[in-house]
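Please open the model in your viewer and keep the selection tool at hand. The stops below are intended to be taken in order.

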Amino acid sequence: MYKNIFNAYQEFWIKATDFNSKTIRSDWWWVQLINIIIYFFTIPIFLRTFGFNLYGIICIVPQIAIDIRRLNDYGKNWKWIFINLIPIIGWILWFTWLGFGKSSDARSKNME
């Protein structure tokens with residue numbers, strides 16, 4: 001299990017500018033969990049030091065990339081990323097599509 005978590009997070013950074021490949025659903029969830037944990041620990045440090053969360057700024061492009069890859073897996077165009085601008089309804093759709101939607105199953109097919 002820890003190997004899967006580490007591989008998902010490593011792939012998050014390796015594919016930081018890859019907007020076209022696939023990302024399986026579990027990898028997306030692991031990255032979200034790891035980022036929340038890191039945010040929890042870095043926010044107090046960076047807010048006191050810089051006045052903003054440096055980790056959050058560094059993660060913007062890789063997070064957009066992984067989200068667009070998941071949107072592609074779900075069958076939506078990258079432009080649907082802007083649905084996040086609609087409070088509550090947009091956020092619910094976003095997490096439904098990315099977190100519970102179709103998965104490319106690329107990794108699971110290789111394991112068989």
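This is a predicted model: local features need pLDDT of at least 70, side-chain atom pairs count only at pLDDT 80 or more; totals for chains, interfaces and linings use all residues.

Select residues 89-100 to display helix H5, whose 12 residues reach 16 Å from the first C-alpha to the last, close to the 16 Å expected. Next, colour Gly90, Trp94, Trp97, Leu98 and Gly99, the buried residues of H5. Their cover includes helix H2 (25-49) and helix H4 (60-74).

Proceed to the largest nonpolar core, a set of 17 residues in which Phe12, Leu71, Trp94 and Leu98 have the most contacts. Helices H1 (2-14), H2, H4 and H5 each give two or more residues to this core, and H2 gives the most, with 4 residues. Centre the view on Leu98: beyond its neighbours within four places in sequence, this leucine is in contact with Arg25, Trp28, Asp67, Arg70 and Leu71.

Now show the aromatic side chains, which form 14 pairs in the structure. One of them joins Tyr9 and Trp13 edge-to-face, at 6.2 Å centre to centre and with 80° between the planes. Tyr9 and Trp13 are about one helical turn apart, because 4 residues separate them in helix H1. Tyr9 counts as buried because its relative accessibility is 18%, under the 20% limit; Trp13, at 30%, is partly exposed.

Then select Trp28, Trp29, Phe95 and Phe100, a cluster linked by ring pairs.

Finish at Lys76. This lysine lies over the face of Trp80, 4.9 Å from the ring centre. The charged end of Lys76 also sits over the ring of Trp97, at 4.7 Å from its centre.

Conventions. Residues are numbered from 1 along each chain as its sequence is written. Side-chain values use heavy atoms; hydrogens and water are left out. The expected span of a helix is 1.5 Å times one less than its number of residues. Buried means under 20% relative accessible area, exposed over 50%, partly exposed in between (1.4 Å probe, protein chains only). Contact means heavy atoms within 4.5 Å. A nonpolar core is a set of buried Ala, Val, Leu, Ile, Met, Phe, Trp, Tyr and Cys residues joined through side-chain atoms within 4.5 Å. Rings of Phe, Tyr and Trp (its six-membered ring) pair if their centres lie within 6.5 Å; planes under 30 degrees apart count as stacked, over 60 as edge-to-face and the rest as tilted. A charge sits over a ring if NZ of Lys or CZ of Arg is within 6 Å of the ring centre and within 35 degrees of the ring normal.
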